[in-house]
Amino acid sequence: MPSEKQQEYKDNAIKENEAIKENEEIYPNPELNENVDELTEDLDALLDEIDEILEENSEEFVENYIQRGGQ
Amino acid sequence: MSTPTIIGTETEFGISVKNAREQDPIAASTLVVNAYRSRNIPTISWDYAQESPLMDARGFIDESQKPIVEEDTYSVINDILINGGRYYVDHAHPEYCTPECSNARDLVKYEKAGELILDLSRLAAEQLLLDNQEIIIYKNNTDYKGHSYGSHENYLMSRKIDFSDIVDGLTPFIVTRQIITGSGKVGAENGAGETDFQISQRADFFEKEVGLSTMVERPIINTRDEPHADSTRYRRLHVIVGDSNMSEFTIYLKVGITAIVLQLIEKQVVRNQFALNEPVTAIKSISRDLMCNQKIELKDGRNLTAIEIQRAYLNLAQKHLSDDERTPIVDDVMQKWDFVLNRLQNDPMSLGRHLDWIIKKKLIDAYIARHGFKWTDPQVRMLDLQYHDLRPDKGLYLRLQKNGHVERILTHEEVVHAIQHPPSDTRAYFRGTCLRRFPSHIHSVSWNSIIFNGPSGLEKIMMERPHFGTQEIVGEMLNNCTVDELVNQIRDDCK
């Protein structure tokens, strides 16, 4: 029988592994891109992507983005 | 003997809720931090008895700055993280503090782990919102309307060094390092001169050379003297002038070269030989000099560019750091420092994979060229803001990184690992490991203490030396002891 201490240690390790697995599911490894060219070389594809994901209604969005000053 | 390198950063994040009836950044920040809290360990409070933020490095306590604290303020939402860091609501922003790190590479790892913690919090918090609402978190420093929030760096220094020597030696470095460390910003704020694009997010907000405040009339050198360590030996230099960076390469260089310059100040090889005539003016004009070739006037009559001043600091480092101080990481930082200064000299835009402000500038240039926008168009400002978005599918920097368009310092696995594991070679190891092993026996924590809830009442263990409490020193004890044995053994060791 493992001692209480060993058991606690083991339980903690299991909990921790689960938490990591959970994180990894949310953040899968990015696919490695072999083609690490300069930004300019596939700029068109990138700009297409930006057109797709840039927040709609930029004007309203930027206008409404107001923060309180911090440090 | 030189002071051990200990570095930590604190980042305040911008926050917005899409489709909310009204924007309430305090409520949104609280929601986000609480959402992560519920995933973590039991409630453990922060021990504010160890804090004295109004202590001034010049030797006095500034009573006039004492904030009026309303009772509610005491219920600040706080989470102490098992990686040794801290996560809480500061004013109206979620704030993440890294654990203490012994080198620039670890610092990047823990700062980037913080971005993942914020994003995990966002996902958990969104479960509690209406279906059409989304939380967006930005790692930037401004709302473009004159409200700035900070990204602070902390460096352990020897108490033996006069604060005025730090001001003299550090100011010219800090004012010029933005050509490497800037995150880039569309437009100007705070009454500073109009411009389409500038190098730094924060430069427009600095109005004084030296001072205690971090919120108004911000000073280039902040005098807060709150070492969170043995105050007879150490001070903690609180650098408030930097930008929040997305690029791993940029963060690595920012903290790496700053730690090196502080070593040079401790060695007294950097004194006042680079003193600038008008640092407050220079910080804004350098931020607007995208070719990095404008001459700045020094007090001794010389006129040098920001690159030349940075080069002079690098030369002193190459000459004066001892073999012991030139660890593999310090050597690597110096090589990269040299590399970027050469590129900035010849063609700044050739650093479009390395430095935040240049990555962003090239992206916006291309976007403007495609659509024929003007710099003042909202789409351009949106692109600037969205560069700092922490959502992996929407954040422009994160998309560039995913597609291999930017230089990395770390692997993805290392960053994920740092969410749950403290650095092994600072007192963060002791803090994080105790939180993991004995969560129900810990009453409260601060940077330099842990209060255990033992059988004979509360027992406070101080951690006054940030480079102690490492895995090498306490690892075996932590793995083999019960909490009572641990407290007793430390008590005995201290006798």
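E126(B) is buried in this predicted model, because its relative accessible area is 19%, and buried means under 20%. R122(B) counts as buried too, because its relative accessibility is 8%. The side chains of E126(B) and R122(B) meet in a salt bridge, with 3.5 Å from N to O. Both residues belong to helix α2 of chain B, where they sit four residues apart, about one turn of the helix. Why does that spacing matter? An α-helix has 3.6 residues a turn, so residues three or four places apart point the same way.

Helix α2 of chain B (residues 104-126) holds another such pair, E115(B) and K112(B), three residues apart. Their closest N and O atoms are 3.0 Å apart, and both residues are buried.

Now for a pair that spans more of the chain. R177(B) forms a salt bridge with E153(B), with 2.8 Å between the closest N and O atoms. This pair links distant parts of the chain: R177(B) lies in helix α3 (residues 163-181) of chain B, while E153(B) lies in strand β8 (residues 151-158) of chain B, 24 residues away. R177(B) and E153(B) are both buried.

Here are some of the salt bridges side by side:

| Salt bridge | N to O distance |
|---|---|
| E126(B) and R122(B) | 3.5 Å |
| E115(B) and K112(B) | 3.0 Å |
| R177(B) and E153(B) | 2.8 Å |
| E55(A) and K18(B) | 2.7 Å |

How many salt bridges does the structure hold over all chains? The total is 37.

Helix α9 (residues 378-386) of chain B gives the largest share of the side of chain B that touches chain A, namely seven residues. That side of chain B divides into 25 nonpolar, 25 polar and 23 charged residues.

The contact takes 73 residues from chain B and 47 residues from chain A. Together the two chains bury about 5,500 Å² between them, with 56% of this area on carbon and sulfur atoms.

Chain A itself has three helices and zero strands. Of its 71 residues, 31% count as buried.

Back in chain B, R437(B) also turns up in helix α12, where it is buried, as are others including Y429(B), F430(B) and L435(B). In helix α12 (residues 428-437), 10 of the 10 residues are buried, so this helix is largely enclosed by the rest of the structure.

Chain B also has an open sheet of four strands, in the order β3-β16-β17-β18, with mixed pairing. Its edge strands are β3 (45-46) and β18 (457-462), each pairing on one side only. How do strands β16 and β17 of chain B run, parallel or antiparallel? Strands β16 (residues 442-446) and β17 (residues 449-454) run antiparallel, and four bridges join them. The bridge partner of S444(B) in β17(B) is I451(B). Strands of a sheet pair through backbone hydrogen bonds.

Conventions. Residues are numbered from 1 along each chain as its sequence is written. Chains are lettered from A and ligands numbered from 1 in the order in which they are written. This is a predicted model: local features need pLDDT of at least 70, side-chain atom pairs count only at pLDDT 80 or more; totals for chains, interfaces and linings use all residues. Side-chain values use heavy atoms; hydrogens and water are left out. Contact means heavy atoms within 4.5 Å. Buried area is the accessible area (1.4 Å probe) that two parts lose on being put together, summed over both. A salt bridge is a side-chain nitrogen of Lys or Arg within 4 Å of a carboxyl oxygen of Asp or Glu. Helices (H or I, at least four residues) and strands (E, at least two) are DSSP runs, numbered from the N terminus. Ala, Val, Leu, Ile, Met, Phe, Trp, Tyr, Cys and Pro count as nonpolar, Asp, Glu, Lys and Arg as charged, and the others, Gly among them, as polar. Buried means under 20% relative accessible area, exposed over 50%, partly exposed in between (1.4 Å probe, protein chains only). Two strands pair if DSSP finds at least two bridges between them.
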